[in-house]
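Biologist: Hi! I'm new to this structure, could you walk me through it?
Modeller: Happy to, here it is.

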Amino acid sequence: MNTPTPHSANPWAPPPIRVPEAPQWPRLSPLDKAALIGRIKSLLQEQGALLVAHYYTDGDLQQLAEDTGGCVADSLEMARFGAQSAATTLVVCGVRFMGETAKILNPEKRILMPDLRATCSLDEGCPLELFSAFCDQHPERTVVVYANTSAAVKARSDWVVTSSIALPIVTHLHALGEKILWAPDKHLGHYIERKTGADMLLWPGACVVHEEFKGFALQRLRRLHPEAAVLVHPESPDEVVDQADVVGSTTALIRAVTELPNREFIVATDEGIFWKMHQLAPHKKLIAAPTAGVGATCESCAHCPWMAMNALQNLEEVLATGSNEVQIDPEIGRRAVAPIQRMLDFARAQGPTPSRARVLGG
Ligand code: 13P
Ligand code: SF4
């Protein structure tokens, strides 16, 4: 593997990531929750706003997005929905790169987020100056960045990809004979490198949630559940990916639960995804992949602390006050839109799979 090693002598070592405590939202009584949801629905209607939520957010938010004509999806479909929607305001429930992508694609729309501090360890671990210097050292390589990056890093790239489209895009670039500089997720990058045989230089970033899944503990769990299919998001380490029956984006993992005949699934991704899996396949048993074991630090324990910053309470507040609007420097936005649009055009040329449409249909 062609990876710059992350130690202090390495000039490309990403900065240490400060992982926040996941916020503890006060429990609402059923009556208070219903009243809050009612107020949010009225605010959405008054403002012609739609919710665009990721599968890792709280189930109440996902339900509300579906009930009010918004969408619940993976990062690629969130971007596509935002670009196609006629709504003048989109409220993105997810993390900052998702809100920024919506703003880059729709500069004329108002994009709000429940909490603008909701970032991502991959985004934080790939600061523009360092990344730009890394790119400058390898001018012969095509720069492919994961969507989990800042607008400025996207603006420095040739292609933006999400987990659901990364493999076909790198396959395409490899067929053209292009060498790739990949950032920021080293695990996803290494997975794609192994699948495609492409020449990839990998930035040493990682997701604090998926990095916690442990291969050895997963082996033990599989022995206890020999009939279970193992579903793994490719941001996980190799020793976890190598035990998977299905490796894929959040949408692909949800699709696997609905389409595979197994009655049990071990799931190695953020536990927020269980809400949609339960909704679509209520009779199937879902088991969280283990994060404990040798080398575990459990900073996030299978739930992204930044995704957890989205709640009904702060959603109501941003709709009522108009605060937390996502702003992008117009020049950065202008440069970042081209690599994102390249991905969307590529995805459109591929066409939607029938089962992806079914998952999105809820
Ligand atoms: P998906 O695009 O597969 O939804 O992944 C986004 C993400 O942040 C995973 O950690
Ligand atoms: Fe980023 Fe990981 Fe959270 Fe996804 S789960 S938003 S990759 S920190």
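Modeller: One term before we start: a residue is buried if 20 or more other C-beta atoms lie within 10 Å of its own, exposed if 12 or fewer, and partly exposed in between, with C-beta atoms placed from the backbone.
Biologist: Got it. What should I know about the model and its numbering?
Modeller: This is a predicted model, where local features need pLDDT of at least 70, side-chain atom pairs count only at pLDDT 80 or more, and totals for chains, interfaces and linings use all residues. Residues are numbered from 1 along each chain as its sequence is written, while chains are lettered from A and ligands numbered from 1 in the order in which they are written.
Biologist: Thanks! Is Ser 236 buried or exposed?
Modeller: Ser 236 is buried, because 29 other C-beta atoms lie within 10 Å.
Biologist: And where does Ser 236 lie?
Modeller: In the loop between β9 (229-232) and α11 (238-241). Helices (H or I, at least four residues) and strands (E, at least two) are DSSP runs, numbered from the N terminus.
Biologist: Which residues is Ser 236 in contact with, leaving aside its neighbours within four places in sequence?
Modeller: Those are His 187, His 210, Phe 213, Val 241 and Ala 268. Contact means that the two C-beta atoms, placed from the backbone, lie within 7 Å.
Biologist: Let's switch to strands. How many residues of β1 are buried?
Modeller: Six of the six residues in β1 (residues 49-54) are buried. Ala 49, Leu 51 and Ala 53 point one way, and Leu 50, Val 52 and His 54 the other way.
Biologist: Which strands does β1 run parallel to?
Modeller: β1 is joined to β3 (residues 89-93) by five bridges, and to β2 (residues 71-73) by three. Leu 51 has Val 91 of β3 as its bridge partner, and Val 52 has Cys 71 of β2.
Biologist: What about the open sheet of four strands, what is its order?
Modeller: The order is β6-β5-β7-β8, with parallel pairing; strands pair if DSSP finds at least two bridges between them.
Biologist: Why is one side of β6 and of β8 left without a neighbour in the sheet?
Modeller: β6 (159-161) and β8 (200-202) stand at the edges, each with a single partner strand, so one side of each has no neighbour there.
Biologist: Last one, which residues of helix α8 are buried?
Modeller: In α8 (residues 166-175) they are Ala 166, Ile 169 and Val 170. Seen down the axis of α8, they fall within an arc of 95°, so they line one face of the helix. That arc is taken from the directions from the helix axis to the C-beta atoms.
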